Amino acid sequence: MYESVSRLEHLRSVRAWLLWQLRRTDDTIAELERQEVMATRAARTLPPPPRGWKLAMRRAGDGKATPDAVHTGDCGMAGKNTKPLAREQALRALTEDGVTACPYCRPDTDLGVL
């Protein structure tokens with residue numbers, strides 16, 4: 001079968017295939033360039049807000065809420081009954097008020113309390 005195809009026809013087929021490959025390569029380059037632009041834009045965005053802290057509260061038998069543990073702001077172990085804390089409040093709760101630190105998110109490490 002190869003002998004029945006002229007050299008000119010064969011070269012045209014090769015050229016068509018190469019053009020197809022070139023278009024695919026150009027498309028891939030364009031997509032990678034778009035991804036690079038998006039990554040550069042993402043790197044230029046504002047940094048995430050500083051990590052916060054929260055105080056998990058426990059309900060006592062008399063219905064009053066008492067401090068249970070200090071957690072980082074993104075800790076999922078804190079439960080629903082929490083209140084946000086500033087850095088100074090979290091430090092005071094851990095060092096002066098005797099509130100325990102969550103053993104999972106370790107807010108004492110982030111706060112520099114060892």
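Me: What percentage of the 114 residues of the chain count as buried?

Reply: This is a predicted model. A residue counts as buried when its relative accessible area is under 20%. In this chain, 18% of the 114 residues count as buried.

Me: Which elements make up the secondary structure of the chain, and in what order do they run?

Reply: There are 3 helices and 4 strands. Read from the N terminus, the order is α-β-β-β-α-β-α. The chain is more spread out than a compact globule, because its radius of gyration is 31 Å, well over the 13 Å that the globule rule gives for 114 residues. Along the principal axes, the C-alpha atoms fill a box of roughly 95 × 30 × 25 Å.

Me: How many salt bridges does the chain have?

Reply: A salt bridge needs a side-chain nitrogen of Lys or Arg within 4 Å of a carboxyl oxygen of Asp or Glu. The count here is 3. One of them joins glutamate 31 and arginine 34, at 2.9 Å from N to O. These two residues are 3 apart in helix 1 (residues 7–44), so about one helical turn separates them.

Me: Which salt bridge links distant parts of the chain?

Reply: That is the pair of arginine 58 and aspartate 68, at 3.3 Å from N to O. Arginine 58 is in strand 1 (residues 53–59) and aspartate 68 in strand 2 (residues 65–72), 10 residues apart.

Me: Is aspartate 108 buried or exposed?

Reply: Aspartate 108 is buried, with a relative accessible area of 11%. Its salt-bridge partner is arginine 106, with the closest N and O atoms 2.8 Å apart. Arginine 106 is partly exposed, at 37% relative accessibility.

Key: Residues are numbered from 1 along each chain as its sequence is written. This is a predicted model: local features need pLDDT of at least 70, side-chain atom pairs count only at pLDDT 80 or more; totals for chains, interfaces and linings use all residues. Side-chain values use heavy atoms; hydrogens and water are left out. The radius of gyration is taken over C-alpha atoms; the globule rule is 2.2 Å times the number of residues to the power 0.38. Buried means under 20% relative accessible area, exposed over 50%, partly exposed in between (1.4 Å probe, protein chains only).
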